[in-house]
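Please prepare a short briefing on the structure shown here. Group the points by topic and give the cut-offs for the terms used.

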Amino acid sequence: MKKYFCSIFTMLMLPVLLAAQNPNPDVKELVKQMTLEEKVKMVVGLGMKFPGLPENNTSAVRQTLDKVPGAAGTTFAIPRLKIPNTVLADGPAGLRINPFRNGDSSKTYYATAFPISTLLASTWDTALVRQVGNAIGNEVLEYGVDIILMPALN
């Protein structure tokens, strides 16, 4: 069951991760080439603190903070298969990241707080919703996030 779940989840994530490098990846073939450990790492990702890990184990958290502070996490890269790591950020009402970055006191990285998706849907204004989606997508791109985790929009 666990092996089956890892394979399904990995097959769902790989097209998203590979789209920039190859618009038509053979996902099933890539999953076959992945080790079980690589599939598990793909499911778990980086940036989360788990019970049982030593508090000084900051390598995973450090990688997320170095890329986009305040992001939810990153995925593991698998260089031998040309699978890059990606940055995931929460976004219940637009992109959620830390507006301050170490070593960069001259700028702030604020993101727009948009109305939540259920409120936008209740307007029945599809043009407005498309504009908000485009604006969120632009901020995601500008701040270096690859995947935004938005309720009701994934």
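E38 touches Q33, I78, R80 and L81, leaving aside residues up to four places away in sequence; contact means heavy atoms within 4.5 Å. The model is a predicted one: local features need pLDDT of at least 70 and side-chain atom pairs count only at pLDDT 80 or more, while totals for chains, interfaces and linings use all residues. Residues are numbered from 1 along each chain as its sequence is written, and side-chain values use heavy atoms, with hydrogens and water left out.

**E38 and helix α3**

- E38 is found in helix α3, residues 36-44; helices (H or I, at least four residues) and strands (E, at least two) are DSSP runs, numbered from the N terminus.
- With a relative accessible area of 15%, E38 is buried; buried means under 20% relative accessible area, exposed over 50% and partly exposed in between, with a 1.4 Å probe and protein chains only.
- A polar atom of the E38 side chain lies 2.9 Å from the backbone nitrogen of T35. A polar contact is a pair of N or O atoms within 3.5 Å; within protein, one must be able to donate a hydrogen and the other to accept it, and residues adjacent in sequence count only if both atoms are side-chain atoms.
- The buried residues E38, K39 and M42 lie in α3. They cover an arc of only 100° around the axis, which puts them on the same side of α3; the arc is that of the directions from the helix axis to the C-beta atoms.
- An α-helix has 3.6 residues a turn, so residues three or four places apart point the same way.
- G45 follows α3 and has a positive phi, near 75°.

**Salt bridges**

- Three salt bridges are found in a search of the whole structure; a salt bridge is a side-chain nitrogen of Lys or Arg within 4 Å of a carboxyl oxygen of Asp or Glu.
- R80 forms a salt bridge with E38, and the closest N and O atoms are 2.8 Å apart. R80 lies in the loop between β1 and β2 and E38 in helix α3, so this pair ties together parts that are 42 residues apart in sequence.
- E37 forms a salt bridge with K41, with 3.3 Å between the closest N and O atoms. Both E37 and K41 lie in helix α3, four residues apart, about one turn of the helix.
- E37 counts as exposed at 53% relative accessibility, whereas K41 is partly exposed with a relative accessible area of 33%.
- D90 forms a salt bridge with R96, the closest N and O atoms being 3.4 Å apart. D90 is partly exposed, with a relative accessible area of 27%, and R96 also counts as partly exposed, at 46% relative accessibility.

**The sheet**

- Three strands form an open sheet in the order β1-β2-β3, with mixed pairing. At the edges stand β1 (73-74) and β3 (147-149), each with a single partner strand, so one side of each is left without a neighbour in the sheet.
- Two strands pair if DSSP finds at least two bridges between them.
- β1 pairs with strand β2 (residues 87-90) in the antiparallel sense over two bridges. The bridge partner of T74 in β2 is V87.
- β2 and β3 pair in the parallel sense over three bridges. I147 in β3 stands opposite L88.

**Aromatic pairs**

- Rings of Phe, Tyr and Trp (its six-membered ring) pair if their centres lie within 6.5 Å; planes under 30 degrees apart count as stacked, over 60 as edge-to-face and the rest as tilted.
- By this rule there are two aromatic pairs. The rings of F100 and Y110 have centres 6.2 Å apart and planes at 75°, so this pair is edge-to-face.
- The F100 and Y110 pair links distant parts of the chain, ten residues apart, with both F100 and Y110 in the loop between β2 and α5 (117-122). F100 is partly exposed, with a relative accessible area of 48%.
- Y109 and Y143 form an edge-to-face aromatic pair, 6.0 Å centre to centre with 70° between the planes. This pair links distant parts of the chain, 34 residues apart: Y109 is in the loop between β2 and α5, and Y143 in the loop between α6 (126-142) and β3.
- Y109 is buried, with a relative accessible area of 12%, and Y143 is buried, with a relative accessible area of 16%.
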